[in-house]
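Subject: Structure for your review

Dear colleague,

Please find below the sequence and structure that I am handing over to you. My findings follow directly after it, and I would be grateful if you could read them alongside the coordinates.

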Amino acid sequence: SLVIGYMVYLASSADGSNRSQVGAFVPEGITESTVLADTAINAFTHVVVYIKTSKAEQTTPTAHLFSDTALAVSDVTLVDRDLDATELGGVVEWVLPYDELPIVAYDVYVAAGADGAGREFV
């Protein structure tokens with residue numbers, strides 16, 4: 001194979017316009033690259049991946065349109081069915097956000113306050 005690896009970028013379109021490199025060169029055989037937390041989105045709308053050979057980088061990338069949407073549930077309830085004073089047990093329920101299209105999972109935590117202080121994953 002002539003492929004030696006991959007280059008990953010954030011870009012403003014599927015064709016790789018106005019791209020900015022994400023991380024380092026990804027060697028052949030590795031199929032992931034990490035976008036660090038708090039990376040500025042700026043005008044980027046796509047993640048694009050270019051194949052790199054020993055002679056050149058591919059001219060047309062494979063692209064993925066990303067979504068960076070923050071949504072929150074509402075009306076969270078828990079009826080505690082555990083009779084011990086220092087323990088909880090029961091079903092947590094919530095109302096879905098108005099637009100749940102980009103949601104692939106929910107994470108549930110218990111916390112010391114409404115601001116999420118001292119939260120622990122359930």
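This is a predicted model: local features need pLDDT of at least 70, side-chain atom pairs count only at pLDDT 80 or more; totals for chains, interfaces and linings use all residues.

Arginine 19 is placed in the loop between E1 and E2. Its C-alpha atom is separated by 9.3 Å from that of valine 8, a residue 11 positions apart from arginine 19 along the chain.

The side chain of arginine 19 also takes part in a salt bridge, meeting that of glutamate 57 at 3.1 Å, N to O. The pair links distant parts of the chain, 38 residues apart: arginine 19 belongs to the loop between strand E1 (3-11) and strand E2 (20-21), while glutamate 57 belongs to the loop between strand E4 (46-53) and strand E5 (62-65). Glutamate 57, at 22% relative accessibility, is likewise classed as partly exposed. The structure holds 1 salt bridge.

A second matter concerns the surface. Val73, Val76, Leu78, Leu88, Val92, Leu96, Tyr106, Val110 and Val122 form a nonpolar patch there, and together they have about 740 Å² of accessible area. One of these residues, leucine 88, is found in the loop between strand E6 (74-78) and strand E7 (92-95). Leucine 88 has a relative accessible area of 56% and is therefore exposed, the limit being over 50%.

Valine 79 is also placed in the loop between E6 and E7. With a relative accessible area of 48%, valine 79 is partly exposed. The C-alpha atoms of valine 79 and glycine 89 are separated by 8.0 Å, with the two residues 10 apart along the chain.

Finally, I turn to the pockets. The largest pocket holds about 390 Å³ of space. Its lining comprises 17 residues, and those nearest the centre are Leu71, Val73, Ala105, Tyr106 and Asp107. By class, the lining divides into 15 nonpolar residues, 1 polar and 1 charged.

With kind regards

Technical notes
Residues are numbered from 1 along each chain as its sequence is written. Side-chain values use heavy atoms; hydrogens and water are left out. On a 1 Å grid over the protein atoms alone, a cavity is a set of points where a 1.4 Å probe fits but cannot get out, and a pocket is an open set with protein on both sides within 12 Å along at least five of seven lines; lining residues have an atom within 4 Å of a point. Grid points are joined across faces, edges and corners, and a volume is the space filled by probe spheres set on the points. Ala, Val, Leu, Ile, Met, Phe, Trp, Tyr, Cys and Pro count as nonpolar, Asp, Glu, Lys and Arg as charged, and the others, Gly among them, as polar. Patches are made of residues with over 30% relative accessible area and no salt bridge: like charges are joined within 9 Å, nonpolar side chains (Val, Leu, Ile, Met, Phe, Trp, Tyr) within 5 Å. Accessible areas come from the Shrake-Rupley method with a 1.4 Å probe; for residues, only the protein chains shown count as cover. A salt bridge is a side-chain nitrogen of Lys or Arg within 4 Å of a carboxyl oxygen of Asp or Glu. Helices (H or I, at least four residues) and strands (E, at least two) are DSSP runs, numbered from the N terminus. Buried means under 20% relative accessible area, exposed over 50%, partly exposed in between (1.4 Å probe, protein chains only).
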